[in-house]
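Subject: Structure for you to look at

Hello,

Here is the structure I said I would pass on. Please open it first, and then read the notes below it.

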Amino acid sequence: MTYVNDVFLRAARGEATPYTPVWFMRQAGRYQPEYRKIRERYTLPEIVRHPEVTAEVTRLPVRQFGFDAAILFADITTPLYGMGFDLDIVEGRGPVIHNPIDTAEDVRRIHLFSAEAHTPFVLEAIRILKRELEVPLIGFAGAPFTLASYLIEGGPSKNFVKVKGFMYAEEEAWNLLMRTLTNAMVEYLSAQAAAGADALQVFDSWVGRLTRHDYERYVAPHMRRLFEALKPLGVPVVHFGTQTMHLLSPMAEAGGDVIGVDTTTPLDWARDRLGTRPVQGNLDPTLLFAPEPVLARGVEAVLSANAGRPGHIFNLGHGILPGTPPDAVRRAVELVHTLSEVRA
């Protein structure tokens, strides 16, 4: 199909738009009553393995709230099953890896990933959505460092001692792991684009826990290779991490057509340093719990920080939080559209 609304893609290319496009990370999720009903029948991994259900969950927030883009419903750990890892998504905790990486030998045992063989359900969901959506569809994957963090820590971590210890003590094995994950994510994202995804996002959720020195030594070379490999796809790619203000320059140098800005990074500061590079962000997700006048001031502040510059995609500084009032999501989208139209 030919989608009707391409404002998101125009902003991602740095072009002027009639208003600021908006979508939210985790815009499909438990804050929606309709999603909670679906979860009564399916676990998260089961949703992902049923393309029709994935498509329905992906469409829901676009229909309900008027977002300018849809993001494929999945989890960044989805490809890891095909790479030989035994894992569960535990409610309230996140991914739990039952066979984590402890040694260099464990890295050498990782299976070669094939998107068509290991995640055909993801690609079929994209094909379904492309027949029905009237906004661009964003595919995504986890960045190698964030995936490596789960694989070595065995799940979410507060201090990242294990992954940093492995990185420092086993640098050769670390680089092999990062190359392996980079190759797998290039394969996964390329297949999503081939199936019809209009844009891609790379989530590096935990990279902000690294110093700039460690990022540049242990991560940046692999991220540069990842983004170079994605360039021939011809679709915009968003590079996003959290708590990454100190990493803004090296992350931007590593690649990505659009740089995602989290809540802790002032948007105007980021724009001044990135020049004409498009940005995405960065409303504090907790403002969706605030009284409407406070929410309106928050939306206005983000738009003011951008100062009317082209190449801004409005988003949260991270994902929608559990318990977020759906009416607040709807109102935020309306505010972005109406306030940015006045500026146009």
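**The largest pocket**

The lining of the largest pocket is made up of 24 nonpolar, 14 polar and nine charged residues. Here Ala, Val, Leu, Ile, Met, Phe, Trp, Tyr, Cys and Pro count as nonpolar, Asp, Glu, Lys and Arg as charged, and the others, Gly among them, as polar.

This is a predicted model, in which local features need pLDDT of at least 70 and side-chain atom pairs count only at pLDDT 80 or more, while totals for chains, interfaces and linings use all residues. Residues are numbered from 1 along each chain as its sequence is written, and side-chain values use heavy atoms, with hydrogens and water left out.

The largest pocket holds about 1,400 Å³ of space. A pocket is an open set of points, on a 1 Å grid over the protein atoms alone, where a 1.4 Å probe fits, with protein on both sides within 12 Å along at least five of seven lines; lining residues have an atom within 4 Å of a point. Grid points are joined across faces, edges and corners, and the volume is the space filled by probe spheres set on the points. There are 47 lining residues, and the closest to the pocket's centre are Arg 26, Leu 44, Asp 75, Gly 94 and Ile 320. Strand S2 (87–90) is one of the elements that supply at least two residues of this lining; S2 gives the most, with three. Helices (H or I, at least four residues) and strands (E, at least two) are DSSP runs, numbered from the N terminus.

**The sheet**

Seven strands, in the order S1-S4-S5-S6-S7-S8-S9, form an open sheet with parallel pairing. Two strands pair if DSSP finds at least two bridges between them. S1 (70–71) and S9 (312–313) are at the edges with a single partner strand each, so one side of each has no neighbour in the sheet. S7 (residues 258–260) and S8 (residues 279–280) run parallel and are joined by two bridges; one of the pairs is Ile 259 with Val 279 in S8.

Most residues other than glycine have a negative phi, and most peptide bonds are trans. Phe 160, which is not glycine, has a positive phi, near 60 degrees; Phe 160 sits in the loop between helix H8 (144–153) and H9. The peptide bond between Gly 281 and Asn 282 is cis, with omega about -10 degrees. Asn 282 is in the loop between S8 and helix H14 (292–306).

Regards
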